[in-house]
Amino acid sequence: MSRERYYDIILSPVITEKSTLAAEHDKVVFNVRKDATKPEIKAAVEALFGVKVKKVNTLVRKGKVKRFRGTVGRQSDVKKAIVTLEEGQSIDFASGL
């Protein structure tokens with residue numbers, strides 16, 4: 001795959017309290033495209049960040065119905081990938097790509 005496709009697969013890192021706690025166990029959470037497969041996610045993380053990936057777990061968070069100024073709206077579905085890295089590997093998001 002081309003490097004541009006890797007950037008299309010990985011949309012953004014998830015920086016939350018829960019994902020920060022998971023980082024202590026060599027896990028990193030990313031928002032990914034809905035049509036991305038586990039092998040594509042693994043290849044993209046290894047190519048973009050230069051780390052070895054042990055496994056990839058994915059989940060789809062269904063969008064919620066929210067109100068904004070009396071108007072009912074719907075948030076879109078989001079696919080997340082929880083990437084487990086090999087021992088001793090880490091990704092620093094503060095430095096950027």
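Predicted model: local features only at pLDDT ≥ 70, side-chain atom pairs only at ≥ 80, totals over all residues.
Me: Does Lys55 count as buried, partly exposed or exposed, and why?
Reply: Buried means under 20% relative accessible area, and exposed means over 50%. Lys55 has 43% relative accessibility, so Lys55 counts as partly exposed.

Me: Where does Val14 lie, and is Val14 buried or exposed?
Reply: Val14 lies in the loop between β1 (10–13) and α2 (17–23). Its relative accessibility is 12%. The cut-off for buried is under 20%. Val14 therefore counts as buried.

Me: Which residues is Val14 in contact with, leaving aside neighbours within four places in sequence?
Reply: Contact here means heavy atoms within 4.5 Å. With neighbours within four places set aside, the partners of Val14 are Ser19, Val29, Phe30 and Asn31.

Me: How far apart in space are Val14 and Val28, C-alpha to C-alpha?
Reply: In sequence, 14 residues separate Val14 and Val28. In space, their C-alpha to C-alpha distance is 8.1 Å.

Me: What pattern does the chain follow along the sequence?
Reply: The chain has three helices and six strands. Read along the sequence, they give α-β-α-β-α-β-β-β-β.

Me: How far apart are the mean positions of the positive and negative charges of the chain?
Reply: The chain has 20 positive and 12 negative charges. Their mean positions are separated by 10 Å.

Conventions
Residues numbered from 1 in each chain as written. Heavy atoms only, no water. Buried < 20%, exposed > 50% of the residue type's maximum accessible area, 1.4 Å probe, protein only. Helix = DSSP H or I, 4+ residues; strand = E, 2+ residues; numbered from the N terminus. Lys, Arg positive; Asp, Glu negative; His and termini not counted. Charge placed at Lys NZ, Arg CZ, Asp CG, Glu CD.
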